[in-house]
Amino acid sequence: QVQLVESGGGLVQPGGSLRLSCAASGVGFSIPVMGWFRQAPGKQRELVAAITNSGTTNYADSVKGRFTISRDSAKNTMYLQMNSLKPEDTAVYYCNAEKNYPPRFNVWGQGTQVTVSS
């Protein structure tokens, strides 16, 4: 069974940086797609960035140029480098792993809080 564990959240001042990590376990192959989502209070969960096991990336317009997603496909570990953080980046950040062909799965981590405030 695939399990995801996030780490690296915290409190940072506007303009600061944080690096999130997501480690997958229980899978013996490179996960096809991994991504970061976030959910702010009172808002829907939204995609922040995603990356395939071949390195293709996709970013939300709101984070382009500030956030960088990367992964070590051999270890099924994913990272999100967040720079120039803004108060509106405050949210719980969730790691996601998806395989959309058999055996399919779509798994979420427990989430890590990121708070951007002075």
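Start by selecting leucine 4 and alanine 24: leucine 4 stands opposite alanine 24 in strand S3. Strands here are DSSP runs of E, at least two residues long, numbered from the N terminus. Before going on, note that this is a predicted model, where local features need pLDDT of at least 70 and side-chain atom pairs count only at pLDDT 80 or more, while totals for chains, interfaces and linings use all residues. Residues are numbered from 1 along each chain as its sequence is written, and side-chain values use heavy atoms, with hydrogens and water left out.

**The strands around S3**

Now show strand S1, residues 3-7. S1 runs antiparallel to S3, and 5 bridges join them; two strands pair if DSSP finds at least two bridges between them. Next, bring in S8, which pairs with S3 in the antiparallel sense over 6 bridges. To see the two face each other, pick cysteine 22, which stands opposite methionine 78 in S8.

Stay in S3 and select serine 25. Beyond its neighbours within four places in sequence, serine 25 is in contact with Gln1, Val2 and Gln3, contact meaning heavy atoms within 4.5 Å.

In soluble globular proteins, nonpolar side chains tend to be buried together.

Zoom in on tyrosine 93. Not counting residues up to four places away in sequence, tyrosine 93 touches Trp36, Leu80 and Met82, among others.

**A buried arginine**

Finish at arginine 71, in strand S7. Arginine 71 is buried yet has no salt bridge, and the nearest side chain of opposite charge, aspartate 72, is 7.5 Å away. A salt bridge would need a side-chain nitrogen of Lys or Arg within 4 Å of a carboxyl oxygen of Asp or Glu; Lys and Arg count as positive, Asp and Glu as negative, with His and the chain ends not counted.

What lies 2.8 Å from a polar atom of its side chain? Show the backbone oxygen of isoleucine 31.

Technical notes. Helix = DSSP H or I, 4+ residues; strand = E, 2+ residues; numbered from the N terminus. Buried < 20%, exposed > 50% of the residue type's maximum accessible area, 1.4 Å probe, protein only. Polar contact = N/O pair within 3.5 Å; in protein donor to acceptor, adjacent residues only side chain to side chain.
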